[in-house]
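Trainee: I would like to learn how to read a few features of a model. Could we take them one at a time?

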Amino acid sequence: MTTPRIAFIGAGNMAASLIGGLRAQGMPAEAIRASDRGAEQRAKIAAEQGIEVFAGNAEACQGADVIVLAVKPQVMKDVCLDLAAHLQDGQLIVSIAAGISSASLENWLGPRAVVRCMPNTPSLLRLGASGLYANARVSAAQRQQAERLLGAVGLALWLEEERLIDAVTAVSGSGPAYFFLLIEAMTASGERLGLPRETAARLTLQTALGAARMALDSDVDAAELRRRVTSPAGTTDAAIKTFQAGGFEALVEQALKAADNRSAELAEQLGQ
């Protein structure tokens with residue numbers, strides 16, 4: 001596939017991770033450019049990745065095949081309205097901003113091929129999980145370009161319906177924080193059981209890492225893995241039954257539903 005020319009509007013952490021991932025996969029620096037209002041951020045990413053940087057968004061977009069909108073959702077409307085007159089036919093718009101629908105982007109930019117993405121923060125380590133939705137104007141070649149972009153920092157899965165972006169937000173977008181909360185709780189409980197805090201923290205973190213790796217590498221699902229390590233009337237069984245008696249599964253469902261609902265609310269508010 002011909003190397004696309006990619007312009008990033010905004011050069012913050014997520015944009016930097018995507019650029020780093022692309023460069024690690026062999027994309028030449030001359031194929032990537034970025035704009036950012038902050039001189040310090042421009043200098044940092046130029047030094048780290050060897051790409052061309054600009055203070056102006058319109059200048060960065062000239063001649064680009066793919067334009068990645070990587071600004072905060074709260075300023076997306078203003079950025080798009082300023083950018084609309086400078087776009088060229090055939091350019092693919094990829095938005096990684098939460099809560100901004102493809103319809104809103106087309107309303108601000110004009111009729112465009114738009115891919116909307118929801119990456120998560122582990123993308124900074126190239127261990128991300130992203131959901132992608134393409135509107136009807138996106139070609140097969142452009143879908144490949146978007147998949148290569150998000151695949152550079154982890155797992156990239158296509159969605160057939162845009163409304164499912166809210167579910168992706170609830171599961172993987174916000175998901176790292178759920179695991180951090182469990183890590184916090186397990187560490188604190190281990191300390192209360194008598195372990196030094198550092199020991200409890202290191203044991204918890206390594207256990208989380210090991211469990212995730214086992215689940216990824218296994219040919220069975222998580223429920224079966226849990227059953228295999230839960231001996232009847234054993235220590236794990238006692239803990240699992242306590243979780244379930246407290247309504248663990250129902251609470252997780254309620255939490256993800258709350259995140260899903262809030263994602264939809266924000267999309268409505270930010271898209272006006």
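Trainee: Which residues lie nearest the centre of the second largest pocket, and how many residues line the pocket?

Mentor: Keep in mind that this is a predicted model. A residue counts as lining when one of its atoms is within 4 Å of a pocket point. Here 26 residues line the second largest pocket, and G12, A70, V71, K72 and P73 lie nearest its centre. Helices α1 (13-24) and α4 (73-83) are the elements that give two or more residues to that lining. The volume of the second largest pocket is about 710 Å³.

Trainee: Which residues does the UniProt annotation for the catalytic N-terminal domain cover?

Mentor: A record of this kind may be inferred rather than shown by experiment. In the unreviewed UniProt entry, "domain: Pyrroline-5-carboxylate reductase catalytic N-terminal" covers residues 5-99. In the model, the chain over residues 5-99 is 41% helix and 20% strand. The end C-alpha atoms of that range are 26 Å apart.

Trainee: And which residues does UniProt list for the dimerisation domain?

Mentor: The unreviewed entry gives residues 162-266 for "domain: Pyrroline-5-carboxylate reductase dimerisation". Over residues 162-266 the chain is 82% helix and 0% strand, with the end C-alpha atoms 14 Å apart.

Trainee: Which residues form the nonpolar patch on the surface?

Mentor: Patch members need over 30% relative accessible area, and nonpolar side chains are joined within 5 Å. The patch in this model consists of L182, M186, F243, F248 and V252, which together have about 430 Å² of accessible area. Helices α8 (175-192) and α12 (248-270) each supply at least two of the patch residues.

Trainee: Take V252 as a case. Is V252 partly exposed or buried?

Mentor: Buried means under 20% relative accessible area, exposed means over 50%, and partly exposed is in between. V252 lies in helix α12. Its relative accessible area is 37%, so V252 is partly exposed.

Trainee: Now the backbone. Where does R126 lie, given its positive phi?

Mentor: For a positive phi, check whether the residue is a glycine, then look at its place in the chain. R126 is not a glycine, yet its phi is about 60 degrees. R126 sits in the loop between β6 (113-118) and β7 (128-134). R126 counts as partly exposed because its relative accessibility is 43%.

Trainee: What is the phi of A233, and where is its place?

Mentor: A233, also a residue other than glycine, has a positive phi near 65 degrees. The loop between α10 (222-228) and α11 (235-245) holds A233. With 74% relative accessibility, A233 counts as exposed.

Technical notes. Residues are numbered from 1 along each chain as its sequence is written. This is a predicted model: local features need pLDDT of at least 70, side-chain atom pairs count only at pLDDT 80 or more; totals for chains, interfaces and linings use all residues. Side-chain values use heavy atoms; hydrogens and water are left out. Helices (H or I, at least four residues) and strands (E, at least two) are DSSP runs, numbered from the N terminus. Patches are made of residues with over 30% relative accessible area and no salt bridge: like charges are joined within 9 Å, nonpolar side chains (Val, Leu, Ile, Met, Phe, Trp, Tyr) within 5 Å. Accessible areas come from the Shrake-Rupley method with a 1.4 Å probe; for residues, only the protein chains shown count as cover. A salt bridge is a side-chain nitrogen of Lys or Arg within 4 Å of a carboxyl oxygen of Asp or Glu. Buried means under 20% relative accessible area, exposed over 50%, partly exposed in between (1.4 Å probe, protein chains only). On a 1 Å grid over the protein atoms alone, a cavity is a set of points where a 1.4 Å probe fits but cannot get out, and a pocket is an open set with protein on both sides within 12 Å along at least five of seven lines; lining residues have an atom within 4 Å of a point. Grid points are joined across faces, edges and corners, and a volume is the space filled by probe spheres set on the points.
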